[in-house]
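Please look at the sequence and the structure first.

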There are 2 protein chains.
Amino acid sequence: MNKEVNVDALFLGPKSENRVFYKEMMEYAITEHMHWRSGFHPEDSALVTPRAQHQPDFRDTLYRTEGILRDLSSRLKNKSVPWFSPRYLGHMNADTFMVSHLAYVMTMLYNQNNCAVEASPVTTDLELEAGEDLCRMFGFDVSKSWGHITSGGTVANYEGLWVARNLKSMPLAIARHEGAKDLVAGMTEHQLLNMKPTDVLDLTDELKKRGMFEEVRELSVRGAGVEPGKLGKLLVPRSKHYSWLKAMDLLGLGQENIVQLDVDGNYRTDVQKMRETTLRLMEEGTPILGMVSVVGTTEEGSVDAVHEVLKLREECEEKFGSSFFIHVDAAYGGYVRSMFLDENDQFMEYDALVATYRESEIVPEGVVWPKRDVYDAFKAMSEVDSITVDPHKVGYIQYSAGAITMKDKRIVDLISYHAAYVFEEAGEDSGDEHSVMLGSSIMEGSKAGAAAAAVWAAHRLVPLNITGYGHVIGRGIVTADWFASKLATAEPFVIQGRSFEVRPLMHPDFHMVNFTFKEIGNDSLADHNSLNQRIYELCSYASGRAYSKDFLTSSTSLSVEEYGDTPCAYTSLRGFTDEEWQKEGSVYILRAAIMTPFLRDEMRFSQYWSNLRDIFTQILTEIVDEENKKAMSHSAA
Amino acid sequence: MNKEVNVDALFLGPKSENRVFYKEMMEYAITEHMHWRSGFHPEDSALVTPRAQHQPDFRDTLYRTEGILRDLSSRLKNKSVPWFSPRYLGHMNADTFMVSHLAYVMTMLYNQNNCAVEASPVTTDLELEAGEDLCRMFGFDVSKSWGHITSGGTVANYEGLWVARNLKSMPLAIARHEGAKDLVAGMTEHQLLNMKPTDVLDLTDELKKRGMFEEVRELSVRGAGVEPGKLGKLLVPRSKHYSWLKAMDLLGLGQENIVQLDVDGNYRTDVQKMRETTLRLMEEGTPILGMVSVVGTTEEGSVDAVHEVLKLREECEEKFGSSFFIHVDAAYGGYVRSMFLDENDQFMEYDALVATYRESEIVPEGVVWPKRDVYDAFKAMSEVDSITVDPHKVGYIQYSAGAITMKDKRIVDLISYHAAYVFEEAGEDSGDEHSVMLGSSIMEGSKAGAAAAAVWAAHRLVPLNITGYGHVIGRGIVTADWFASKLATAEPFVIQGRSFEVRPLMHPDFHMVNFTFKEIGNDSLADHNSLNQRIYELCSYASGRAYSKDFLTSSTSLSVEEYGDTPCAYTSLRGFTDEEWQKEGSVYILRAAIMTPFLRDEMRFSQYWSNLRDIFTQILTEIVDEENKKAMSHSAA
């Protein structure tokens with residue numbers, strides 16, 4: 001059996017090429033369930049008779065059902081965006097796996113709720129298995145770590161901050177408890193607030209042995225509430241997702257306790273400045289509640305140097321005896337770690353990796369990937385405390401499926417709502433009724449077991465390593481490299497005597513390519529921004545039906561409020577003065593996550609690029625015409 | 001056209017009776033999407049060729065896909081619980097609407113994400129529309145209120161507490177702001193912490209006019225974090241869902257700031273004690289962060305006297321000048337409010353309601369529903385500040401679909417992540433790109449647009465009033481009345497000379513019937529509890545494959561830790577001494593939410609009950625045999 005996955009066979013396809021298979025499997029999914037129903041106590045008679053089914057009012061309800069579905073279908077066809085097509089290069093959206101669709105529908109019919117095993121005798125197990133898959137992908141020890149599905153990355157980030165917060169407050173709670181305080185005897189409040197996460201978890205083991213874990217837990221934030229500022233600062237890069245602001249509000253920690261870290265020219269956390277800020281806080285005696293690294297920023301697809309964060313933590317532990325929690329927000333980029341794992345899920349040495357890429361034609365000659373620091377960052381993820389990852393992004397699974405993984409599963413007891421020992425037993429016999437109540441171990445309560453089945457099925461079909469996701473994700477990475485290279489060297493577009501040059505913001509860390517057009521000779525940043533905004537409008541649903549567009553993309557604005565002066569490096573490069581940057585304070589960019597697996601063929605890509613040039617020419621012409629018309633009506637008036 | 005819905009035509013049915021229609025519509029949903037794909041730029045050639053599709057490695061990936069789906073199907077068929085069957089009377093699970101399944105699958109193919117309109121040009125609108133439906137059902141002014149989908153009731157409860165918390169802290173923030181403090185001039189801190197929710201929202205209007213809303217908002221909990229205990233106590237009944245404990249932890253408020261309210265013999269908040277507790281707090285000067293009423297307790301299906309909570313708030317406002325936020329947790333019972341609305345969605349007078357029930361045969365002669373206080377409670381819901389409701393419970397929609405509604409949509413600005421004015425504009429033109437970013441107005445981020453479509457479609461087909469859900473939910477309510485009456489008067493089961501009597505815990509407030517078996521003459525509560533636990537095991541997946549059971553139910557334990565001595569009223573009635581109650585401290589009960597719409601026929605129910613008596617006889621015989629065997633092996637040893 002061929003161990004490598006055939007990528008084209010995973011998707012319905014841009015032209016519904018795999019429609020026969022899809023329909024056959026859908027028929028299977030539904031029919032099996034129908035037989036399951038009718039086979040349950042075959043002696044029971046049907047409760048709806050054919051005669052009743054043919055009465056006018058019965059038919060009428062069916063007709064209304066059909067009418068509503070037709071209405072829904074026409075709405076969907078009219079206004080949806082064709083993510084499935086290679087003509088769409090925008091958000092982290094592309095075609096999604098057939099197996100996940102089919103698994104969802106099949107499971108939905110059994111309507112399981114992963115809140116408790118009793119409501120999900122099948123799908124709680126699938127969720128735990130999918131969580132283990134993700135832990136393994138991140139290099140966590142599967143027997144000691146823990147992962148589960150969430151509705152998305154936002155909720156996963158909340159949960160990461162929740163465990164970090166409660167963990168941070170545990171040593172103080174221990175010091176407050178008469179029967180436990182000997183465990184931290186002699187430690188100052190400052191020391192208690194700066195313990196290593198692992199050391200705190202070891203203390204919770206001791207508390208459990210003494211039978212006083214629950215009591216002490218009630219003295220932590222969980223029972224007593226947040227004391228403002230006491231738990232220190234959360235350090236997050238400026239490139240963060242806005243869910244971190246929501247999280248600080250939601251968790252009662254207050255947004256003023258966020259310290260934003262500057263980013264470098266690659267939109268990664270500036271390592272030098274991160275170190276300075278961290279050491280300054282250490283010297284001031286301010287605890288660090290947590291440090292967030294982003295693996296795949298939403299706007300630029302940049303990968304923070306996770307290895308540098310770990311190094312910095314070690315430095316702080318040595319110099320100050322102070323440690324902190326590290327969370328990686330890999331909602332976007334998490335699955336890319338499968339690119340680095342061999343068929344036994346082992347992280348490969350750099351040279352062996354590149355050799356394997358060449359051999360299995362995942363990354364061809366001429367494409368330099370990964371950059372060395374991106375490689376180091378992914379490698380280091382196995383050492384952090386918790387990681388957010390979204391199967392519904394680079395997992396190629398339909399919405400909603402986010403996930404969180406934690407390196408040390410003991411941490412769950414800090415937020416769980418059952419006696420502490422129960423969870424530990426769960427690992428050994430998750431079939432036991434009382435053993436796994438996901439709803440009491442995680443933030444969410446009810447959730448569709450079908451979503452867990454969708455993720456589980458994808459992972460079974462597509463291994464989270466070089467033989468599976470490596471092929472899927474590799475296609476986008478290679479295409480992104482080609483695309484960025486084309487943009488970097490593209491001849492100007494000449495429209496009615498005016499020349500427009502396109503350039504990428506930077507070379508992608510994996511597959512997001514940002515780019516802008518600039519009219520040569522026009523050094524007004526305001527004009528540049530309007531031009532690109534107009535291009536976006538013409539290449540999106542914002543100027544009419546997406547279905548009738550030739551090319552679709554997304555956009556964003558990099559502003560001084562969010563990024564400081566980082567974007568100025570790019571605007572300078574494009575010939576705008578620093579004064580222009582100061583005046584405008586933002587640069588409007590086009591943003592393309594190259595998720596499509598259907599352009600990974602040199603001939604095909606070359607043809608695609610040539611078409612795209614024509615499309616851009618046409619769009620620029622349209623814009624020039626609009627401007628001319630406006631100018632004429634001005635001079636006429 | 002017949003305006004009344006035909007309930008039997010809404011479901012696939014216990015024997016898949018509506019299989020032809022279901023399959024036809026599924027075929028439609030899928031095929032339309034496939035054509036949508038292939039019709040997008042018909043000039044583009046297919047990217048996967050028939051030749052490629054017939055290569056061994058391509059086929060191999062398809063075979064593996066099929067293998068995984070077969071494996072999933074066998075797991076589901078082997079261990080799932082047949083919710084769809086009337087033989088299942090347990091959790092709030094039953095058959096679910098075909099239209100919601102079909103809408104989900106159809107929409108899933110377009111893979112929309114309701115985080116932002118750009119990612120969900122169709123389904124954000126559907127979510128807003130479904131939210132309006134729910135607001136209307138609760139009697140809120142649709143133009144001033146706001147509702148949206150969540151993953152479930154737990155997350156909805158979090159969001160309710162989040163807005164309540166941030167609202168509570170706003171007056172203090174106003175007093176702290178130089179440019180705003182005149183708005184609350186002369187007010188003491190105590191007064192600031194006890195303002196009417198509406199008055200605080202009026203102040204936020206003033207802040208917006210002054211252009212200082214965002215600044216002041218940053219001085220509230222959102223920016224500064226929680227100050228422990230300062231915001232007062234959350235009052236929740238002992239019958240609460242455990243998500244309220246999670247919520248106090250998550251939101252940084254601390255579980256010690258919960259005050260638990262005792263429940264009365266009907267497992268509703270004890271009105272007299274609630275009043276005493278509230279007035280005592282008022283006299284002490286302790287603010288009330290919020291008051292939670294439960295409409296449909298998870299364990300008993302009881303309905304709190306919401307009207308009494310409103311009366312109490314008025315009393316506090318008059319006597320002490322102090323007010324508080326009221327949240328109703330109607331995750332379970334919320335949709336039951338549709339039973340009270342006429343075809344124009346108006347809440348009916350009691351007598352007119354009963355007359356309508358008789359006329360449309362929704363509630364027949366002999367069934368007394370609603371109890372007067374249940375009626376008053378549902379009526380009063382239109383006056384509370386926020387309500388949690390789960391479409392995936394009594395909305396008969398598959399998982400996951402929860403929801404929250406808020407009476408005054410201005411409150412969203414206290415947790416939103418955009419400039420305050422944007423949301424207000426959204427109502428007028430929700431088609432505008434920037435107008436609705438659900439992800440920045442609510443707690444969750446990414447979520448499946450398909451879930452919104454499922455709820456929307458159900459609401460279109462089944463109006464949220466007496467003509468739609470009234471018929472669906474009414475069926476369960478009537479069946480529950482019959483079931484409770486049968487249990488209340490059932491002759492004892494005589495097994496090998498021993499007699500077992502079954503009785504209901506109480507008459508249901510809508511459709512949950514709890515009951516227990518007791519051996520006549522055995523007044524040991526421990527024995528009673530073991531007996532009922534064993535019955536549960538034999539009537540659930542806990543003793544083997546659910547599919548092979550004759551009857552399935554759920555169970556719970558009412559303990560002194562959770563309920564104080566309330567359950568003692570029932571144990572006394574059943575002949576257990578107070579000492580027995582003190583010794584055991586809990587009573588094990590069987591718990592049946594009568595959601596099934598398929599037993600609402602007197603003949604059929606009578607037959608069902610007679611079968612059920614046989615099943616119970618058989619199960620009790622099995623238990624007696626087990627006991628005899630155990631006794632014999634004891635005496636043999």
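Predicted model: local features only at pLDDT ≥ 70, side-chain atom pairs only at ≥ 80, totals over all residues.

Residues are numbered from 1 along each chain as its sequence is written, chains are lettered from A and ligands numbered from 1 in the order in which they are written, and side-chain values use heavy atoms, with hydrogens and water left out.

**Contact surface**

- Of the contact residues of chain B, 99% recur in chain A, and the same surface serves both copies (contact means heavy atoms within 4.5 Å).

**Salt bridges overall**

- A salt bridge is a side-chain nitrogen of Lys or Arg within 4 Å of a carboxyl oxygen of Asp or Glu.
- The count over all chains is 98 salt bridges.

**R275(B) and E315(B)**

- A salt bridge joins the side chains of R275(B) and E315(B), with 2.7 Å from N to O.
- R275(B) sits in helix α12 (residues 271-284) and E315(B) in helix α13 (residues 306-320), both of chain B, so the bridge ties together parts that are 40 residues apart in sequence. Helices (H or I, at least four residues) and strands (E, at least two) are DSSP runs, numbered from the N terminus.
- R275(B) is partly exposed at 29% relative accessible area, whereas E315(B) is buried at 19%. Buried means under 20% relative accessible area, exposed over 50%, and partly exposed in between (1.4 Å probe, protein chains only).

**D509(B) and K371(B)**

- The side chains of D509(B) and K371(B) form a salt bridge of 2.6 Å, N to O.
- D509(B) belongs to the loop between β10 (498-504) and β11 (512-519) of chain B and K371(B) to the loop between α14 (350-359) and α15 (372-380) of chain B, so parts 138 residues apart in sequence are tied together.
- D509(B) is buried, with a relative accessible area of 1%.

**E519(B) and R498(B)**

- E519(B) and R498(B) meet through their side chains in a salt bridge (2.7 Å, N to O).
- This pair links distant parts of the chain, with E519(B) in strand β11 and R498(B) in strand β10 of chain B, 21 residues apart.
- E519(B) is buried at 15% relative accessibility, while R498(B) is partly exposed at 22%.

**A network**

- D71(A), R75(A), E129(B), D133(B), R136(B) and R460(B) are joined into one network by salt bridges that share partners.
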